[in-house]
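Q: Before any feature is discussed, please show the sequence and the structure.

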Amino acid sequence: MDDNLTTPEKIKLAALTHFTESGYEGASMSQIAKEVGIKTPSIYAHFKSKEQLFLRLTQQVIDEEWEHYNTLLLQLRDEPVERKLYRIFDFFSDFAHLSSGQAFLKRTMVVPPRHLREQLRTVFLQYEDLLSERIVEIIRQGTGEGIFADRDEERMVAELYVFVDGLLVEYQFYDSTLFEQRKQLLWESLWQLWTLNNKEG
């Protein structure tokens, strides 16, 4: 572990691995402390409980992903609408290249600790609202350019998320080649759905 990190940073780094691999219930504070090289009670000088450590780590990971998301959108600023939306779709479904923080976040979203479920649900929905605002801006750009019919933006965002969620399940079962093929087919279907509605409208 990097000696330049502060003790709280080392604790969060070790906790990230244990929470991701073992879940909230399976991760132990003693294992985290051992990896950091401190005694278990020393953790509580920085985090008053396992719950607080978990929640702070969750917020940190959300903040990091949000920064990467906005960096991506800045890079795509002058790209066509289809390219922008595809890259967002890919950002959410590139499961083979998740950072350790994103892997933790995916697990936490799918299998949250039972006693924190409602609290985390609120956090995730607030985060999703921020993500969705950026997607809606691009959809409105596409509508203004005549790519999409003037339709329910919320429905389009929901369709995007449903496709990504379905891919998360498929990623668990299929080899990388088949997964990538299906991912491309799903994107083509999603784009066709959006633009077909425009042609029909």
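A: Both Y24 and F54 are buried, where buried means under 20% relative accessible area, exposed over 50% and partly exposed in between (1.4 Å probe, protein chains only). The model is predicted: local features need pLDDT of at least 70, side-chain atom pairs count only at pLDDT 80 or more, and totals for chains, interfaces and linings use all residues. Residues are numbered from 1 along each chain as its sequence is written, and side-chain values use heavy atoms, with hydrogens and water left out.

Q: How many aromatic pairs does a search of the whole structure find?

A: Rings of Phe, Tyr and Trp (its six-membered ring) pair if their centres lie within 6.5 Å; planes under 30 degrees apart are stacked, over 60 edge-to-face, and the rest tilted. The search finds 22 such pairs. Helices are DSSP runs (H or I, at least four residues) numbered from the N terminus. Elsewhere, ring pairs link W66, Y69, F91, F92, Y127 and Y161 into a cluster.

Q: Which residues touch the most other members of the largest nonpolar core?

A: A nonpolar core is a set of buried Ala, Val, Leu, Ile, Met, Phe, Trp, Tyr and Cys residues joined through side-chain atoms within 4.5 Å. Here the largest has 56 residues, and F19, L85, F92, I135 and W194 touch the most other members. Helix α4 gives the largest share, nine residues.

Methods: Helices (H or I, at least four residues) and strands (E, at least two) are DSSP runs, numbered from the N terminus.
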